[in-house]
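Thank you all for coming; I would like to take you slowly through one protein structure this morning.

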Amino acid sequence: MRLVTYTDGAGFERAGALIENDGLIVDLQIAYRSMQGRESPEFASVLALIEGGEQVLEHARTLIAKAPSAAVIERATVKLRAPIQPPPQMRDCSCFELHLKQSFAAARRARALRTPDPEATLKAMNTGADDRVIETFNRQPIYYKCNRFAVVGIDDEFQWPSFSKALDFELEFGCYIGKRGKDISRDTARSHIVGYTIFNDMSARDAQAKEMSGMLGPAKSKDFDTANIMGPCLVTADELGDPYDLDMVARVNGEEWGRGNTRDMRWQFEDVIAHVSRAETLYPGEFLGSGTVGNGCGLEQLRYLKPGDLVELEVQGIGVLRTRVGTATKDD
């Protein structure tokens, strides 16, 4: 299934599923009511659907296959939000070593370019701090908890943060937890994943450069309204197949800025789930981001976004997450 949350004409959020090459949406509640003569709380939202477990998911598949015409609407006539907005919890991990290495190298180049002799400055730079991060990365999964209330969807308006002049995208994908678990083993972790989506972790690089020396992870550089863009849909695990052989491509205004593949993940979601769930319960609907794929952001090329840019992030089997960059605002 390709599950979505959409807003109807009255402004209410509804759970649906994309069909016919994503051109149509089956409204799950309307389909259920048409067939059963009543409504079900399990189809009131995508989160409720996932919380219902595999039996409810299987019922949803039946509704989609037998949906009456009254339950089918044109995708183009409604607004898609994130599949779950907001998720109960979200964490963004760092799973691609190439992105870390190239980002550190680009940041050093940027600092060197502000000096009278960039080449000499670059050669003299101490890379110890960066090397320690890579060492930690290779020892265990690393992640930070995101602002779940900043999650928006493909049709929501993105708002440029007033404090930044160096805005960047990040090409990621992520998984949703499908069932509750604690101390989950790596061998059983795949069964806890209900599906996947595309994640654009918008980042204010100038703010990030200032705050990361505080050694507490990203804060305001990734913590502002509309920063966490997800969608266009949640593709269930049974439909996506192998999540670790998917092409990932980033385009800005139609120009390809970078590409990679999920096979390059140093840490797979099973590793992350096993690590995060140690002595900690994970709940249905929680989201785990993959971190940026190598070549999956502007920072690695020292390129940044401009107001009006169209960012398109594509992950094979999931679709394209399009975001129009809004106009920068000024502080009062």
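This is a predicted model: local features need pLDDT of at least 70, side-chain atom pairs count only at pLDDT 80 or more; totals for chains, interfaces and linings use all residues.

Residues are numbered from 1 along each chain as its sequence is written, and side-chain values use heavy atoms, with hydrogens and water left out.

Rolling a probe the size of a water molecule over the atoms shows where empty space is left. On a 1 Å grid over the protein atoms alone, a pocket is an open set of points where a 1.4 Å probe fits, with protein on both sides within 12 Å along at least five of seven lines, and lining residues have an atom within 4 Å of a point. The largest pocket holds about 1500 Å³ of space, where a volume is the space filled by probe spheres set on the grid points, which are joined across faces, edges and corners. Its lining is made of 41 residues, and Leu100, Phe104, Val133, Gln208 and Met212 are the ones nearest the centre. Among the elements that give two or more residues to this lining are strand S6 (90-94), helix H4 (97-112) and helix H6 (128-139); helices (H or I, at least four residues) and strands (E, at least two) are DSSP runs, numbered from the N terminus. H4 provides the largest share of the lining, seven residues.

The second largest pocket has about 190 Å³ of space. It is lined by 14 residues, with Glu54, Leu57, Ser191, Ile193 and Val194 closest to its centre, and H3 gives the most to this lining, with three residues.

In H1, which covers residues 28-36, Leu28, Gln29, Ile30, Ala31 and Tyr32 are buried, where buried means under 20% relative accessible area, exposed over 50%, and partly exposed in between (1.4 Å probe, protein chains only). Strand S1 (2-7), helix H2 (46-51) and H3 are included in what covers these buried residues. After H1 comes Gly37, which has a positive phi, near 80°.

Where is His59, and is His59 buried or partly exposed? His59 lies in helix H3, and it counts as partly exposed because its relative accessibility is 29%. Not counting residues up to four places away in sequence, His59 touches Tyr32 and Phe43, where touching, or contact, means heavy atoms within 4.5 Å.

Finally, how many disulfides does a search of the whole structure find? The search finds zero, a disulfide being a pair of cysteine sulfur atoms within 2.5 Å. Cys297 is in no disulfide either, and the nearest cysteine sulfur, that of Cys95, is 15 Å away.
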